[in-house]
Amino acid sequence: MTENENRDGGTSGLGSRPSQETGSESSENPIDPAVLERDAVFSILNDRRRRYVLYALAEDPEWTLQELATRLVAWEEGVEDDDVGPNCRERRYISLYHTHVPKLADEGVVEFDADAERITPGERAAGVIEFLAAVE
């Protein structure tokens, strides 16, 4: 018996997948859209830097990417904004620009003006920030 095989010859654990429902059973039990909504919110909140972006937006609704990168370094390192070095700021900027802001923008949580490098709340920001506040 392999690591993923159970006693009945089936699989379990990391290599297993949920069984697919077929026929009328699947049409009688559609996935609740609210579950999909929660999954998107959990995915957004799963990363500390994305949560910090939301904290920043709750504090002030408009940030440049440089300002936001500075604030994130300050929070993560426990220092004042003025004490953030350019190398640390640049690393956070790159992370925000290539990973976190696009994910938040794709989910409608932020609006990102790439030309001005300005971030503002998106249509879903208030709901996600409210959810974040409720779970803290």
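**Labels against cut-offs**

Tutor: E59 and R71 form a salt bridge, with the closest N and O atoms 2.2 Å apart. The pair links distant parts of the chain: E59 lies in helix α3 and R71 in helix α4, 12 residues apart. This is a predicted model: local features need pLDDT of at least 70, side-chain atom pairs count only at pLDDT 80 or more, and totals for chains, interfaces and linings use all residues. Residues are numbered from 1 along each chain as its sequence is written, and side-chain values use heavy atoms, with hydrogens and water left out.

Student: What makes E59 and R71 a salt bridge?

Tutor: The term requires a side-chain nitrogen of Lys or Arg within 4 Å of a carboxyl oxygen of Asp or Glu. For E59 and R71 the closest N and O atoms are 2.2 Å apart, so the pair qualifies.

Student: Why is R71 called buried?

Tutor: Buried means under 20% relative accessible area, exposed over 50%, partly exposed in between (1.4 Å probe, protein chains only). R71 has 16%, so R71 is buried. E59 has 48%, so E59 is partly exposed.

Student: How do you know that E76 pairs with R49?

Tutor: Their closest N and O atoms are 2.8 Å apart. E76 is in helix α4 (residues 65-77) and R49 in helix α3 (residues 48-59), 27 residues apart. R49 is partly exposed, at 22%.

Student: Why is T64 called buried?

Tutor: T64 has a relative accessible area of 17%, so the label holds. T64 sits in strand β1 (residues 63-64).

Technical notes. Helix = DSSP H or I, 4+ residues; strand = E, 2+ residues; numbered from the N terminus.
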